[in-house]
Amino acid sequence: MRTIIPLITLIFLFSCRNSAQNSPKQDAVINAEPVEVPMENGLAKAYFASGCFWCVEAIYESVKGVKESVSGYSGGHSQNPTYADSNTGITGHAEAVEIIYNPKVVSFETLVDVYFASQNVTQVNGQGNDRGSQYRSIIFYQNDEQKQIILKKKEALAKKLNAKIAAEVYPFQKFWLAEDYHQDYEKKHPNHPYIKNVSIPRLNRFKAKMPEVIKDKH
C-alpha cells in the first residue's frame, strides 16, 4: 500500500497530519456525543481502526459471530472522504472497519479483545511499515458502557505491558464506505505481495493468540 515519497513531501505531509489531528475541527470530533447505531435483524455494528483496513477486515471476518467486515474511513472531520484524501492526513480520518456481528454469539468486549490481540498495541500512527495518521489505532464507542469496556481493557493492558497503549478512544460519529476495490481485498487478491507478506502473517499471528474465537472450517 505504500509508495516512496520524497523527503520534502514527507515533511510537508507530516506537518499537515499533525495540524489536522490537533485542529479545532478534529477536537470537535473527539469531544462530540457518540452516535449509537441501532441493531438490525438481530445484528449490531462496531467500529475499529488498526492500520491497513485490508488486514483488519480479514481478521474480524475470521471471528465467530461476525457476519461481515466492511472497509471504510472514520474518525475525521471531512465529508465523503476518499482513499486519496485520507492518505494526506488532512481529513483526520483513519482507515477503519465496520463490524457487523451477532451479539448473542460474540460480545463487544470480545471484539475489543480481538482488536488488541491483532496489532502492535504500542505503535503510534501506524502498524508495521504502514505509517501515518490514516493508519493510527482508534476504538470507537457508541455509548458509555462501550467506552468503559474500552478504557478498562486499555488500562489493564498498559499495566500488564508497563507501556503506553497507542489506541485512541473516540465517540463514534459516522462511517464512510471505502471504494469498491478495497472491499474483501485479501479474499480477492491472495497473491498480492502485501497480502502474502503482511496481511496473512498478521492474521495468522492473531489466530495463534485467540484460537478459541476463530470460526470453524467447513
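1. Buried means a relative accessible area under 20%. Keep that cut-off in mind for Glu-61. Its relative accessibility is 15%, so Glu-61 counts as buried. This is a predicted model, and the values below are computed from it.

2. Start with confidence. The protein chain has a mean pLDDT of 90. Of its residues, 89% reach 70 or more. Residues 1-19 are another matter: there pLDDT stays under 50. For that stretch the model has 27 contacts beyond four places in sequence. Read those contacts with the pLDDT under 50 in view.

3. Next, the sheet. Six strands form an open sheet with mixed pairing. Their order is S7-S6-S1-S3-S2-S8. Strands S7 (168-171) and S8 (176-177) stand at the edges. Each has a single partner strand, so one side of each lacks a neighbour in the sheet.

4. Strand S6 (residues 137-141) runs parallel to S7, and four bridges join the two. Which residue of S7 is the bridge partner of Ile-138? The partner is Glu-168.

5. Helix H3 (residues 53-61) touches strand S1 (44-50), strand S2 (66-74) and strand S3 (94-101). The direction of H3 makes about 160° with that of S2.

6. Now the charged pairs. How many salt bridges does a search of the whole structure find? The search finds six.

7. Lys-187 forms a salt bridge with Glu-61. Their closest N and O atoms are 3.3 Å apart. Lys-187 is exposed, at 61% relative accessible area, whereas Glu-61 is buried, at 15%.

8. Glu-168 returns here. This residue forms a salt bridge with Arg-136, and the closest N and O atoms are 3.4 Å apart. Glu-168 belongs to strand S7, and Arg-136 to the loop between strand S5 (130-131) and S6. The two are 32 residues apart. Is Arg-136 buried or exposed? Arg-136 is buried, with a relative accessible area of 1%. Glu-168 is partly exposed, at 23%.

9. Lys-153 lies in helix H6 (residues 144-161) and Glu-109 in helix H5, so the pair ties together parts 44 residues apart in sequence. Glu-109 is partly exposed, with a relative accessible area of 40%. Salt bridges with shared partners join Glu-109, Asp-113 and Lys-153 into one network.

10. Last, one serine. Ser-86 is found in helix H4 (residues 83-88). Its relative accessible area is 0%, so Ser-86 is buried. Which residues does Ser-86 touch, not counting those up to four places away in sequence? They are Tyr-73, Thr-91, His-93 and Gln-134.

Notes
Residues numbered from 1 in each chain as written. Predicted model: local features only at pLDDT ≥ 70, side-chain atom pairs only at ≥ 80, totals over all residues. Heavy atoms only, no water. Pairing = 2+ DSSP bridges. Contact = heavy atoms within 4.5 Å. Axes fitted to C-alpha atoms, helices over the stretch in contact; angles between N-to-C directions. Buried < 20%, exposed > 50% of the residue type's maximum accessible area, 1.4 Å probe, protein only. Salt bridge = Lys/Arg side-chain N within 4 Å of Asp/Glu carboxyl O. pLDDT = per-residue confidence, 0-100.
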